[in-house]
Amino acid sequence: MSEFNVIQQFFTRPTRHTDMGIGDDAALITLSKGSQLAISADMLVAGTHFFHDADPEKLGWKSLAVNVSDMAAMSAQAKWATLAIALPRIDERWLGAFSQGFFACADTYNIDLIGGDTTRGPLTISVQIMGEAPKDSALKRSHAKVEDDIWVSGSIGAAALGLAHLQSKVTLTPDTLDACLRALHSPTPRASLGIALRGIANSCIDISDGLLADLNHILKASNLGAQIDLSDIPCHHDLKNNLDDTLIQSCILAGGDDYELLFTAQASQREALHQLSRTLKLPLTCIGKTTASLELNVIYKSRHLLITKQGFDHFGE
């Protein structure tokens, strides 16, 4: 099967809001009046971001979902994506399952695949995503204010705990393992929340590399510090019941792969956020406050935790 047969068979679908998609040298799109274009890209590499024997359908979902999460963090509506994929060889069964998962995510969030590339090489998946936000409405990391509440959506740490099980660092019960592997392999990007936070949140980021690492991105961009309480961070009950364990603390604070939204808002927005939580049927939890000092402090049982790792770094030791 040739490269062009692969594209035609597995990755060509009708588009919904694209002037011209796959089939020419470039796609053509028209932006809505008064909108800005938001663009992000993410790469998944076998052996670094996923195991070589990963379920291809779940991998297809995740490869697009993590990019939708970036759009959510910017309060942008995801609309278009490109996919560049390097394959060691043509495996039609693998490609069929991967594309099924990819397009399941695309259909869920109403995204057009409008182009990309295929080549031979170590399994690598690169997605570029594009979306729209009304002009000057996108959420930015740099707009947090002193004494903002710090909020997270959903639950934190389960994906990292699932990975720890796969790496034989911990043994989980079947029910807990199922929940953790679902969080790891099939994340749910908070697209509706991201758009709903316009006019409510001051800053936002999605949690990919670790809660502390990503919070630090907001703090550095906004020239602030923060204090959060480990006990307030929402997490699976098996994590919550073992907060004294250093592995559990690491999963929650530095594990990453959560793809929940971490955002700041003024205290006056608390009731609006509680109402939004009820409307979306999505837990939103306040875990701390920003501070004028430039330090990031984590409190647990009225003591400051000594933090040795804040998150994942591709080039860290």
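User: How many disulfides does the count come to by the rule?

Analyst: This is a predicted model, and the count by the rule comes to zero disulfides. A disulfide requires two cysteine sulfur atoms within 2.5 Å. The sulfur of Cys251 has its closest cysteine sulfur in Cys180, at 8.2 Å, and that is too far for a bond. Cys286 is in no disulfide either, since the nearest cysteine sulfur, belonging to Cys204, is 14 Å away.

User: What makes Cys251 buried or exposed, and what is Cys286 called?

Analyst: A residue is called buried when its relative accessible area is under 20%, and exposed when that value is over 50%, with partly exposed in between. Cys251 has a relative accessible area of 4%, and therefore it is buried. Cys286 has 31% relative accessibility, so it counts as partly exposed.

User: Why is the contact of Lys62 with Asp257 called a salt bridge?

Analyst: The label needs a side-chain nitrogen of Lys or Arg within 4 Å of a carboxyl oxygen of Asp or Glu. In Lys62 and Asp257 the closest N and O atoms are 3.1 Å apart, and the two residues form a salt bridge. Lys62 belongs to helix H2, whereas Asp257 sits in the loop between helix H9 and strand S8, so the pair ties together parts that are 195 residues apart in sequence. Both Lys62 and Asp257 are buried.

User: What makes H7 largely enclosed by the rest of the structure?

Analyst: Nine of the twelve residues of H7 are buried, and this is why the helix is described as largely enclosed. Among the buried residues of H7 are Leu211, Leu215 and Ile218. The twelve residues of H7 should span 16 Å, and the end C-alpha atoms are 17 Å apart, which agrees.

User: How do you know that Lys79 and Glu132 meet in a salt bridge, and are they buried or exposed?

Analyst: Their side chains meet at 2.7 Å, N to O, and the cut-off for a salt bridge is 4 Å. The pair links distant parts of the chain, with Lys79 in strand S2 and Glu132 in strand S4, 53 residues apart. Lys79, with a relative accessible area of 18%, is buried, and Glu132, at 6% relative accessibility, counts as buried too.

User: What is the salt bridge partner of Lys289, and why is Lys289 called partly exposed?

Analyst: Lys289 forms a salt bridge with Asp149, the closest N and O atoms being 2.9 Å apart. Lys289 lies in strand S9 and Asp149 in strand S5, so this pair ties together parts that are 140 residues apart in sequence. The relative accessible area of Lys289 is 25%, and it is therefore partly exposed, whereas Asp149, with 1%, is buried.

Key: Residues numbered from 1 in each chain as written. Predicted model: local features only at pLDDT ≥ 70, side-chain atom pairs only at ≥ 80, totals over all residues. Heavy atoms only, no water. Buried < 20%, exposed > 50% of the residue type's maximum accessible area, 1.4 Å probe, protein only. Helix = DSSP H or I, 4+ residues; strand = E, 2+ residues; numbered from the N terminus. Expected span 1.5 Å × (residues − 1).
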